[in-house]
Amino acid sequence: MNKTITPKIDAIDRQWYLVDAENQTLGRLASKIASVLRGKNKPNFTPHLDTGDFVVVVNAEKIQISGKKSQQKLYRRHSGRPGGMKVETFNSLQERIPERIVEKAVKGMLPHNSLGRQLFRKLKVYKGADHPHAAQEPKLLNLDTNGLI
């Protein structure tokens with residue numbers, strides 16, 4: 001019988017990837033980003049460990065969605081107080097904080113536990129084409145329709 005190999009935490013090689021969200025579909029982009037954050041594109045993927053990479057997303061304000069979602073898709077948040085629910089459409093949130101749209105889409109595709117929260121910290125989303133992670137030398141991640149990289 002073969003043994004399952006668990007990679008050592010020190011031996012995990014973390015890369016930095018840059019993703020341009022311009023003219024990308026929100027859900028398809030988010031699922032591919034979540035897969036890279038989780039480490040599913042690596043041969044040493046382990047479900048209970050953080051084996052993934054860092055992802056920097058730029059041009060978050062230029063994300064695309066299909067159909068009438070721009071008027072019908074709602075984003076809800078709650079202050080925790082009675083009557084504290086705020087509801088916002090896709091268009092108004094895109095004008096106000098376009099980064100949050102990509103963040104919420106990716107966060108919903110990660111595990112809903114402490115591992116998911118740890119993975120989410122490796123996602124960096126920015127409004128324009130500039131980002132402060134040039135020192136990490138992120139590689140451009142090509143998210144074509146057939147698969148990753």
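## Close-up views of a predicted model

**View 1. Glu88 reaches Arg96.** The side chains of Glu88 and Arg96 make a polar contact at 2.8 Å (a pair of N or O atoms within 3.5 Å; within protein, one must be able to donate a hydrogen and the other to accept it, and residues adjacent in sequence count only if both atoms are side-chain atoms). The model is predicted: local features need pLDDT of at least 70, side-chain atom pairs count only at pLDDT 80 or more, and totals for chains, interfaces and linings use all residues. Residues are numbered from 1 along each chain as its sequence is written, and side-chain values use heavy atoms, with hydrogens and water left out. Glu88 belongs to strand E4 (helices, H or I, of at least four residues and strands, E, of at least two are DSSP runs numbered from the N terminus). Glu88 counts as buried because its relative accessibility is 12% (buried means under 20% relative accessible area, exposed over 50%, partly exposed in between; 1.4 Å probe, protein chains only). Neighbours within four places in sequence aside, Glu88 is in contact with Lys73, Leu74, Tyr75, Arg77, Leu93 and Arg96 (contact means heavy atoms within 4.5 Å).

View 2. Strands E3 and E4 (residues 85–89) run antiparallel and are joined by five bridges (two strands pair if DSSP finds at least two bridges between them). Tyr75 stands opposite Glu88 of E4. The hairpin has six residues between its strands, and Gly80 there takes a positive phi near 95 degrees.

**View 3. Aromatic pairs.** How many aromatic pairs are there? The count is two (rings of Phe, Tyr and Trp, its six-membered ring, pair if their centres lie within 6.5 Å; planes under 30 degrees apart count as stacked, over 60 as edge-to-face and the rest as tilted). Trp16 and Phe54 are stacked, because their ring centres are 4.4 Å apart and their planes are at 5 degrees. Trp16 is in strand E1 (residues 16–20) and Phe54 in strand E2 (residues 54–58), so this pair ties together parts 38 residues apart in sequence. Trp16 is buried, at 15% relative accessibility. Tyr75 and Phe90 form a tilted pair, 6.5 Å centre to centre with 35 degrees between the planes. Tyr75 lies in strand E3 (residues 74–78) and Phe90 in helix H3 (residues 90–96), so the pair links parts 15 residues apart in sequence. Tyr75 is buried at 8% relative accessibility. Phe90 is buried too, with a relative accessible area of 2%.

**View 4. Lysines over rings.** The charged end of Lys107 sits over the ring of Phe120, 4.9 Å from its centre (NZ of Lys or CZ of Arg within 6 Å of the ring centre and within 35 degrees of the ring normal). Lys122 lies over the face of Phe54, at 5.9 Å from the ring centre.

**View 5. The buried side of helix H4.** Which residues of H4 are buried? They are Pro98, Glu99, Ile101, Val102, Ala105 and Val106. These residues cover an arc of only 160 degrees around the axis, so they lie on the same side of H4 (the arc is that of the directions from the helix axis to the C-beta atoms). An α-helix has 3.6 residues a turn, so residues three or four places apart point the same way. The buried residues of H4 pack against helix H1 (26–38), E2, E3, H3 and strand E5 (123–125).

View 6. Met109 is in the loop between helix H4 (98–107) and helix H5 (114–120). Met109 counts as partly exposed, at 40% relative accessibility. Its C-alpha atom is 6.2 Å from that of Ala34, 75 residues away along the chain. Leaving aside neighbours within four places in sequence, Met109 is in contact with Gly27, Ala30, Ser31 and Ala34.

**View 7. The open sheet.** Four strands form an open sheet in the order E5-E2-E1-E6, with parallel pairing. The edge strands are E5 and strand E6 (139–140), and each pairs on one side only. Two bridges join E1 to E6. Tyr17 stands opposite Lys139 in E6.

**View 8. Two asparagines with positive phi.** Asn23 has a phi near 60 degrees, a positive value in a residue other than glycine. Asn23 lies in the loop between E1 and H1 and is exposed, at 58% relative accessibility. Asn59 is not a glycine either, yet has a positive phi of about 60 degrees. The loop between E2 and helix H2 (69–72) holds Asn59. Asn59 is buried, with a relative accessible area of 7%.
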